[in-house]
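Q: I would like to learn how to read a model like this one, feature by feature. Where should I start?

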Amino acid sequence: MIICVGIGPGDPRYLTELASTHLRSADLVAGFETVVNLVRPILSNDTRIVSMGYKDQVEKLKVVSQAHHAGERCVVAFMGDPHFSGFQFLERVEAACGHQVETIPGISSVQILASRAKVCFDETTCLTFHRRGDLEPFKRHLLNAIKDGRNAIVLPRPWDFMPKDIVDFLLKYGIAGDHPVEVWENLTIDEATWYGKLADCTLDFSDMSIMLIRTKTPMASQIIEEPVK
Ligand SMILES: C[S@@+](CC[C@H](N)C(=O)[O-])C[C@H]1O[C@@H](n2cnc3c(N)ncnc32)[C@H](O)[C@@H]1O
């Protein structure tokens with residue numbers, strides 16, 4: 001058996017009971033080292049841990065696949081929710097196993113940010129640059145979302161498309177520098193927040209950061225419609 005579980009944003013109180021049950025009963029738990037370290041305290045002493053980094057992930061996933069095909073209960077831990085900014089890793093898990101795998105959703109960093117910053121998902125575009133490959137289509141999507149008057153929650157890409165690079169890109173393509181912006185770091189773990197205007201967001205942030213660019217136009221929920229006569 002192999003199952004991919006979202007472990008939430010870091011604070012164990014956001015780990016779902018279902019994900020926790022799978023992790024506790026696993027023979028083998030795998031994932032990126034920082035992610036595995038977050039769930040290590042709840043694992044049984046007998047659980048085999050396969051932690052990996054960006055460079056050795058394909059090799060380590062082969063070990064997981066062998067254990068899975070040998071009948072072990074394997075769980076791959078994902079930060080937040082596997083379905084947001086986790087699909088490239090999920091595809092690597094499936095490529096190693098040779099078939100699709102089951103996923104268990106987790107609470108995403110995006111949901112925590114929405115709750116801290118009080119933004120409505122219906123009026124917000126969430127997108128990630130934390131991915132391999134060409135960022136151009138995602139950059140265009142961000143630009144269009146902001147031009148459309150939507151809020152944007154954005155995961156930067158360490159280290160070549162961080163918040164200040166996102167700002168440079170948006171200003172270059174005509175987005176006004178006075179959009180309100182927030183950057184949140186280490187949500188639920190050791191939080192730090194920066195608030196300001198888009199044009200002033202020039203600081204360096206950690207790889208555990210997430211950015212909110214607020215619309216300047218009133219959102220649908222704030223518009224009081226004239227009664228239809
Ligand atoms: C590969 S993506 C995984 C996102 C994850 N699947 C989720 O749903 O939150 C990793 C990026 O998510 C963001 N992230 C994840 N957890 C975070 C947290 N607790 N605080 C701030 N950012 C976080 C950071 O931008 C980090 O570099």
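**Reading the model**

A: Start with strand β1 (residues 2–6): four of its five residues are buried, so β1 is largely enclosed by the rest of the structure. Keep in mind throughout that this is a predicted model.

Q: What cut-off lies behind "buried"?

A: A residue is buried if 20 or more other C-beta atoms lie within 10 Å of its own. By that count, 34% of the 229 residues of the protein chain are buried.

Q: Which strands does β1 pair with, and in which sense, parallel or antiparallel?

A: The general idea is that strands of a sheet pair through backbone hydrogen bonds, either parallel or antiparallel. Here β1 pairs with strand β4 (residues 74–78) in the parallel sense, over five bridges. In that pairing G6 stands opposite F78 of β4. β1 also runs parallel to strand β5 (residues 102–104), joined by three bridges. There, V5 is opposite I104 of β5.

Q: What is the strand order of the sheet that holds β1?

A: The order is β3-β2-β4-β1-β5, an open sheet of five strands with parallel pairing. Its edge strands are β3 (48–52) and β5, each of which pairs on one side only. From one strand to the next the twist averages 20 degrees.

Q: Which helices lie across β1, and at what angle do they run to β1?

A: Angles here run from 0 to 180 degrees between N-to-C directions. Helix α1 (residues 17–24) runs at about 135 degrees to β1 and lies across β1, β2 (28–32), β4 and β5. Helix α4 lies across β1, β4 and β5, at about 170 degrees to β1.

Q: How far apart are R92 and P9 in sequence and in space?

A: They are 83 residues apart in sequence, and their C-alpha atoms are 22 Å apart in space.

Q: What share of the contacts joins residues at least 24 apart?

A: Among contacts between residues at least 6 apart in sequence, that share is 66% in the protein chain.

Q: What does the domain assignment give for the protein chain?

A: It gives domain 1 (2–104) and domain 2 (109–218). Their C-alpha centres lie 28 Å apart. The contact between them takes eight residues from domain 1 and 12 residues from domain 2. On the domain 1 side, the residues that touch domain 2 divide into three nonpolar, four polar and one charged.

Q: Why does the ligand lie between the two domains?

A: To place a ligand, ask which parts of the chain supply the residues around it. Domain 1 (2–104) and domain 2 (109–218) both give residues to the shell around the ligand, so the ligand lies between them.

Q: How many residues surround the ligand, and which are the closest?

A: The shell has 24 residues, and the closest are P9, G80, S108, S109 and L187. The elements that give two or more residues to this shell are α5 (109–117), β8 (180–185) and β10 (209–213). By class, the shell has 11 nonpolar, 10 polar and three charged residues.

Q: How many helices and strands does the protein chain have, and what box do its C-alpha atoms fill?

A: The chain has seven helices and 10 strands. Taken along the principal axes, the box is roughly 65 × 40 × 35 Å.

Notes
Residues are numbered from 1 along each chain as its sequence is written. This is a predicted model: local features need pLDDT of at least 70, side-chain atom pairs count only at pLDDT 80 or more; totals for chains, interfaces and linings use all residues. A residue is buried if 20 or more other C-beta atoms lie within 10 Å of its own, exposed if 12 or fewer, and partly exposed in between; C-beta atoms are placed from the backbone. Two residues are in contact if their C-beta atoms, placed from the backbone, lie within 7 Å. Two strands pair if DSSP finds at least two bridges between them. Domain bounds come from an automatic or database domain assignment. Ala, Val, Leu, Ile, Met, Phe, Trp, Tyr, Cys and Pro count as nonpolar, Asp, Glu, Lys and Arg as charged, and the others, Gly among them, as polar. A residue is near a molecule or strand if its C-beta atom, placed from the backbone, lies within 6 Å of it.
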